[in-house]
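Good morning, colleagues. Please take a moment with the sequence and the coordinates before I turn to individual residues.

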Amino acid sequence: MANKAKPVNLRVVHRKDRHGDPEQVVEFEDNLPKCPPFLKGEARKEWNRICKLFRGKRVLTEGDRAVLAQYCSLWQQFADSQIDPECSFTAAQHTQMRLQAVELGLTPSARGKLQTPKGKTRNAFNDL
């Protein structure tokens, strides 16, 4: 089993030929993806919760909309299975949900690997 990649700031020896240049972090705009109209109920609540977590972090874009929608749909199915014993949530669905959570940076180990742009923090005192 391969070792998981460590965040750039935890690497003792950083080789640009292996890990890329840590100064070249992709700059994303602060535009969160729009919630698809087909997400309802718990799925929409989960979408809003996740977008609230990432607001201002500049890591989610419109390109992440499909992954986030899939995660929220799986969340809806998981929530339904907890309330109604007739609804089942399979091991395969657990795996899919876990993988989507990792892709979105929703787990502690995945969050450590998120590379957010540095140096452009908002100073509240500048508005005064």
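Gln93 is buried, its relative accessible area being 16%; buried denotes under 20% relative accessible area, exposed over 50%, and partly exposed the range in between, with a 1.4 Å probe and protein chains only. This is a predicted model, in which local features need pLDDT of at least 70 and side-chain atom pairs count only at pLDDT 80 or more, while totals for chains, interfaces and linings use all residues. Residues are numbered from 1 along each chain as its sequence is written, and side-chain values use heavy atoms, with hydrogens and water left out.

Gln93 belongs to helix 4. Helices here are DSSP runs of H or I with at least four residues, strands are runs of E with at least two, and the numbering starts at the N terminus. Which residues does Gln93 contact, leaving aside its neighbours within four places in sequence? They are Leu74, Gln77 and Ser88, where contact means heavy atoms within 4.5 Å.

With neighbours within four places in sequence set aside, Gln100 touches Val67, Gln70 and Tyr71.

Helix 3, residues 65–83, packs against helix 4, residues 91–104, at an angle of about 140°, and the axes are 9 Å apart. The axes are lines fitted to C-alpha atoms, for helices over the stretch in contact, and angles run from 0 to 180 degrees between N-to-C directions. Why are helix 3 and helix 4 called oblique to each other? Angles under 35 degrees count as roughly parallel, over 145 as roughly antiparallel and 65 to 115 as roughly perpendicular, and the rest are oblique; helix 3 and helix 4 are therefore oblique. Their crossing is left-handed, which is to say that the near helix is turned anticlockwise from the far one by less than a right angle, clockwise being right-handed.

On the helix 3 side, the contributors to this contact include Leu74, Trp75 and Phe78; on the helix 4 side, Met97, Ala101 and Leu104 are among them. By class, the contact comprises 9 nonpolar, 6 polar and 1 charged residues. In this scheme Ala, Val, Leu, Ile, Met, Phe, Trp, Tyr, Cys and Pro are nonpolar, Asp, Glu, Lys and Arg are charged, and the others, Gly among them, are polar.

Helix 3 also holds Gln76, which is buried with a relative accessible area of 18%. Beyond its neighbours within four places in sequence, Gln76 is in contact with Lys40, Gly41, Glu42 and Ala43.

Two loop residues complete the tour. Gly105, in the loop between helix 4 and helix 5 (108–111), is buried at 2%. From Gly105 to Phe54 the C-alpha separation is 9.8 Å, across 51 residues of chain.

Finally, the chain as a whole. It comes to 5 helices and 0 strands, and buried residues make up 27% of its 128 residues. Of the contacts with a separation of 6 or more, 60% join residues 24 or more positions apart.
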